Amino acid sequence: RTTTLLRRETVAVTVPVALAALLTAAGPATAAGPAGTAGVGDPYFPLAGNGGYHVSHYDLTLRYDPGSRHLDGKAVLTARATQRLTRFDLDFQGLKVTGLTVDHVKAAHRRDGQELVVTPQRALRKGERFQVTVTYSGTPGPVTDPDGSLDGWIPTDDGAFVAGEPQGAMTWFPANNHPLDKSSYDFTITVPEDRAAVANGVLLGRRTTNGRTTFRWRQTEPMAAYLATATVGKFQVKQYTTRDGLKVYDAVDPREAAAAAPVVKQLPSVLEWESRLFGPYPFRAAGSIVDHAPNVGYALETQSRPVYDRAPDLSTLVHESAHQWFGDSVSLTSWKDIWLNEGFATYAEWLYEEQHGGDSAQKSFDALYARPATDGLWAFPPGDPGSGANIFGTPVYARGAMTLHALRTTVGDRAFFRVLRAWAAAHRYGHGTTAQFERLAERESGQDLGVLFRTWLYGRGKPGRP
Ligand code: ARG
Ligand code: ZN
């Protein structure tokens with residue numbers, strides 16, 4: 001969610017055409033045999049992810065020195081070939097590769113933009129499990145997204161703000177970098193002893209020797225690469241376990257502490273409230289990372305523990321928490337469906353206000369609907385943003401939430417809340433598409449919702465009053 005005071009209003013952006021043509025960079029069978037493709041076929045990010053294999057686990061060992069901004073890394077990927085592979089790609093940008101093995105045998109590799117092309121000494125059989133080990137080092141920095149924002153490893157004055165949506169995971173570890181591939185993660189991160197390194201999941205342990213502290217984190221439930229973090233800073237840390245056994249770990253930059261404290265402490269009650277609405281919270285760990293990163297301008301729903309570039313307001317905390325169900329547990333199949341993340345998280349904000357003495361969701365809807373047809377809110381339809389430059393635009397968030405409200409007023413509260421819970425349950429730890437959501441809503445409500453979704457998700461310009 002955008003955290004700058006003036007939420008950036010989106011203007012229609014001309015679509016960089018023929019992005020899809022890049023897909024042909026994907027490697028079909030060559031004389032040497034079948035190769036994994038350079039992307040999974042995402043229309044907005046054609047090189048994101050890779051074909052031919054699935055990663056079940058990442059074991060990342062990192063050592064970061066905030067002073068020199070130097071990172072040393074080792075990534076061990078446990079994967080399974082989904083086809084015969086004579087070579088395959090990883091997404092990795094910037095850092096220098098110092099060693100690469102497949103099943104402990106040195107493998108040939110070369111860089112081609114964001115693709116790290118790996119040719120193992122012998123071909124991998126379809127269905128075969130294999131392990132890729134990459135050692136690397138250098139000075140990581142962010143990528144610039146199509147909308148001009150930064151993501152990935154973003155250095156701060158005392159560490160790094162690490163958030164990878166949609167592309168930035170590849171700036172700090174080699175990955176199958178598309179939400180279609182979800183994996184468990186282990187992190188072992190060493191930083192100077194006056195810093196903390198905060199990743200996803202449960203803190204397994206923490207040890208200081210020779211002026212450096214090593215943090216070990218484990219994310220057990222499947223996670224998309226873009227939701228991984230390893231945020232580093234001089235944080236005040238607080239750890240506790242809730243009544244339901246949820247492990248909470250908060251890390252707050254002291255400069256944000258006064259503003260953050262009253263909001264961050266509400267996390268357990270927000271998660272409880274959301275669990276009543278959406279079904280059980282999907283992860284065993286929770287928490288907040290509140291950084292002081294003035295050049296970022298957004299927060300991200302990093303899995304189990306969102307990262308904020310500054311002290312969040314309660315609405316932002318509700319938004320990032322709702323993403324744990326919608327976006328993190330239920331993942332996108334394609335970036336084009338981004339409204340399934342942002343429309344839902346925004347609608348959660350409206351529901352929270354409605355049920356906590358604030359404006360009704362109807363009032364939030366009406367205020368937006370009153371905007372003139374020339375407003376950026378109507379610049380493109382949320383179900384078809386047109387390009388990666390628009391995925392975080394106002395129509396995706398606001399008109400996405402309006403779509404859910406239109407659904408609610410059409411099917412009634414009982415069916416609507418049943419739909420939200422059924423969606424979270426049916427696709428828990430997996431993936432969903434807009435078409436699947438439409439079908440589920442029709443099934444749960446027993447109504448034909450074709451016109452409603454066509455109008456609100458795909459119609460150009462301002463829809464007629466529902
Ligand atoms: N998913 C985040 C949120 O709305 C926004 C991430 C924005 N990322 C970016 N590179 N601009 O909660
Ligand atoms: Zn969001």
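Me: How do α4 and α6 sit, roughly parallel or roughly perpendicular to each other?
Reply: They are roughly perpendicular to each other. On that scale, angles under 35 degrees count as roughly parallel, over 145 as roughly antiparallel, 65 to 115 as roughly perpendicular, and the rest as oblique. Bear in mind that this is a predicted model: local features need pLDDT of at least 70 and side-chain atom pairs count only at pLDDT 80 or more, while totals for chains, interfaces and linings use all residues. Residues are numbered from 1 along each chain as its sequence is written, with chains lettered from A and ligands numbered from 1 in the order in which they are written.

Me: What angle do α4 and α6 pack at, and how far apart are the axes?
Reply: Helix α4 (residues 339-355) and helix α6 (residues 394-411) pack at about 70 degrees, with axes 7 Å apart. Axes are lines fitted to C-alpha atoms, for helices over the stretch in contact, and angles run from 0 to 180 degrees between N-to-C directions. Helices (H or I, at least four residues) and strands (E, at least two) are DSSP runs, numbered from the N terminus.

Me: Which residues make that contact?
Reply: From α4, W339, E342, G343, F344, T346, Y347 and W350; from α6, V396, Y397, A398, G400, A401, T403, L404 and H405. Contact here is C-beta atoms, placed from the backbone, within 7 Å. By class, the contact of α4 with α6 has nine nonpolar, five polar and one charged residues. Ala, Val, Leu, Ile, Met, Phe, Trp, Tyr, Cys and Pro count as nonpolar, Asp, Glu, Lys and Arg as charged, and the others, Gly among them, as polar.

Me: Switching to sheets. What's the strand order in the eight-strand one?
Reply: The order is β5-β4-β8-β2-β1-β12-β15-β14, an open sheet with mixed pairing. β5 (105-106) and β14 (202-209) are at the edges with a single partner strand each, so one side of each has no neighbour in the sheet. Two strands pair if DSSP finds at least two bridges between them.

Me: How does β1 pair with β2 and with β12?
Reply: β1 (residues 53-65) runs antiparallel to β2 (residues 70-81) over twelve bridges, and parallel to β12 over seven bridges. H54 stands opposite R80 in β2, while L60 faces F187 in β12.

Me: And which way does β12 run against β15?
Reply: Antiparallel: ten bridges join β12 (residues 182-192) to β15 (residues 212-224). There, D186 has R218 as its bridge partner in β15.

Me: What about the three-strand sheet?
Reply: Also open, in the order β3-β7-β6, with antiparallel pairing. β3 (88-91) and β6 (108-112) stand at its edges, each with a single partner strand, so one side of each lacks a neighbour in the sheet. The twist averages 25 degrees from one strand to the next. β6 pairs with β7 (residues 115-119) over five bridges, and D112 stands opposite E115 in β7.

Me: Which residues are closest to ligand 1?
Reply: R1, S149, D151, E165 and Y298, out of 14 surrounding residues. A residue counts as near if its C-beta atom, placed from the backbone, lies within 6 Å of the molecule. The shell has four nonpolar, three polar and seven charged residues.

How values were computed:
Contact = placed C-beta atoms within 7 Å.
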